[in-house]
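Here is a briefing on one protein chain. Have the sequence and the 3D view open as you read.

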Amino acid sequence: MTVTALAAQGDGVADTADGRRLFIPFTVPGDEIDVEIGPPRGDGFEARVRSFVTKAPRGEAFCRHFEICGGCAVQHLTEAHYIEWKRGILIQALSRRGLMLDVLDLASVPRDARRRVTFQAERTDKGVVLGFAERRGHRIVDIDACPLLLPDINALLPLLRDLAVAMLQTGERARLAVARTEGPEGGALDLVVERDREPDLAAREALADFARRSNAARISWRDGAGIVEPVAHITPVAAEFGPAVVELPPGGFMQPTTAGEDILRNAILAGAEGTTRIAELYAGAGTFTFALAKMCRVHAVDGDAALMRALSTGAGRSGLGGRVTTETRDLAARPLLPGELKDIDTVILDPPRAGALRQVEQIVLAPGVRRVVMVSCNPQTFARDVRVLVDGGFDPGPVLPVDQFPYSHHLECVAVLTRGG
């Protein structure tokens, strides 16, 4: 077989003489290979390389866990192939919805910039394994560092391993969600331990020891029901969002990288320039709210009550309380209706991966809304929602792809859509 293209998840694509499409991991266009065809997958079949007849030019993997760990899929690509593939994910998603839009150059972040991550840990007969799930499997790949993480987070791995040793019994698993924020007093480490039961005395003692050794600002415990209990809260976990400082709740959402957050904020501000009243939907803790509030009044909406409280408190403390209003609301179940958008001329949307279909359907029916700035971490739902807006009379501008998740198929994108009177 000859690999002719790359699929959306980074696998090489080849077509057999009888019309079967094959998805072949860790290959690149131009590879000539002998393959073994496996089970069905999507509109084709899995296949694996038995041997290479000819290898096309490729990049050199920078992580020794590549091809085993499920975190990265395409370290084997050259830079040119990588950029073409990453932009192509967005271009293909748009074209499937009949949208031939201008896709700008890929905006990138530094490789070692990831500031939040969730590790998996398991106690086995041979000790603790700590890392990430293997490629298309459930086994945990034991790691000593991840090249995509901030150095400060990688430095915590020995302490996290000690914590898991002290906290877990043989056969038990836990998830360790680590985030590092940058507030006015410098960096702050936030840890949320996710287990299916409450912490016992041994676990609490282990967490106290971890707090002392790591200088963690806060440690929390999330049980199987999703209830979060602070175990130790030494200093505030605060983030600076423009002119405001916001104290984040345990596990509160934040953009994965500082550089990516800046790129998105600048694109949103440029897209909203000249507006008079903004509704910011899926606003989180105010990542973009306060920069927008310097421009005009902002009504911020999100379904997470803790994030909305944090945003409201941050607005009051920064003197922006009169320019920012907040509302806790599940926008997927109860989108803002046209009557509620009658005084809004610009809507900022940054939904989760499921997108904002019900909300954009209501925006189309709100004649006062003249501009939508759409941010998304899922090109497929982004394209679907943009299609609805275009069919409703909005004209889309260029789309900016932002590579906040390097060497994976995940991609952020931003676009501004406008309509006349």
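**Lead**

Asn215 lies in the loop between helix 4 (201-214) and strand 12 (218-222). Helices (H or I, at least four residues) and strands (E, at least two) are DSSP runs, numbered from the N terminus. This is a predicted model, in which local features need pLDDT of at least 70, side-chain atom pairs count only at pLDDT 80 or more, and totals for chains, interfaces and linings use all residues. Residues are numbered from 1 along each chain as its sequence is written, and side-chain values use heavy atoms, with hydrogens and water left out.

- Most residues other than glycine have a negative phi.
- Asn215 has a phi near 60°, a positive value in a residue other than glycine.
- Asn215 is exposed, because its relative accessible area is 67%. The cut-offs are under 20% relative accessible area for buried and over 50% for exposed, with partly exposed in between (1.4 Å probe, protein chains only).
- Tyr407 is not a glycine either, yet its phi is positive, at about 65°.
- Tyr407 sits in the loop between strand 21 (395-403) and strand 22 (412-418).

**The whole chain**

- The protein chain has 9 helices and 22 strands.
- A compact globule of 421 residues would have a radius of gyration near 22 Å; the protein chain has 23 Å, so the two agree. The radius is taken over C-alpha atoms, and the globule rule is 2.2 Å times the number of residues to the power 0.38.
- The C-alpha trace spans about 65 × 60 × 35 Å along its principal axes.
- Of the 421 residues, 49% count as buried.
- Take the contacts between residues at least 6 apart in sequence: 62% of them join residues at least 24 apart. Contact means heavy atoms within 4.5 Å.

**Helix 9 and its two partners**

- Helix 1 (residues 79-96) packs against helix 9 (residues 379-391) at an angle of about 35°, with the axes 8 Å apart. Axes are lines fitted to C-alpha atoms, for helices over the stretch in contact, and angles run from 0 to 180 degrees between N-to-C directions.
- The crossing of helix 1 and helix 9 is right-handed. A crossing is right-handed if the near helix is turned clockwise from the far one by less than a right angle, and left-handed if anticlockwise.
- Helix 1 contributes Ile89, Leu90, Ala93 and Leu94 to the contact, and helix 9 contributes Pro379, Gln380, Phe382 and Ala383.
- By class, this contact of helix 1 with helix 9 has 7 nonpolar, 1 polar and no charged residues. Ala, Val, Leu, Ile, Met, Phe, Trp, Tyr, Cys and Pro count as nonpolar, Asp, Glu, Lys and Arg as charged, and the others, Gly among them, as polar.
- Helix 8 (residues 357-364) and helix 9 have axes that come within 9 Å and cross at roughly 15°. Helix 8 is therefore roughly parallel to helix 9. Angles under 35 degrees count as roughly parallel, over 145 as roughly antiparallel, 65 to 115 as roughly perpendicular and the rest as oblique.
- Helix 8 also passes helix 9 in a right-handed crossing.
- On the helix 8 side, Leu357, Val360, Glu361, Ile363 and Val364 meet Arg384, Asp385, Val388 and Leu389 of helix 9.
- The contact of helix 8 with helix 9 divides into 6 nonpolar, no polar and 3 charged residues.

- Gln362 belongs to helix 8. Gln362 counts as buried because its relative accessibility is 18%.
- Beyond residues up to four places away in sequence, Gln362 touches Pro335, Leu336, Leu337 and Pro338.
- Arg370 is in the loop between helix 8 and strand 20 (371-376). With a relative accessible area of 32%, Arg370 is partly exposed.
- Arg370 and Arg419 are 49 residues apart along the chain, and their C-alpha atoms are separated by 5.2 Å.

- Phe66 is in the loop between strand 5 (44-54) and helix 1. Phe66 counts as buried, at 11% relative accessibility.
- Not counting residues up to four places away in sequence, Phe66 touches several residues, including Phe26, Cys72 and His76.
- Pro29 is found in the loop between strand 3 (21-24) and strand 4 (32-41). Pro29 is partly exposed, with a relative accessible area of 22%.
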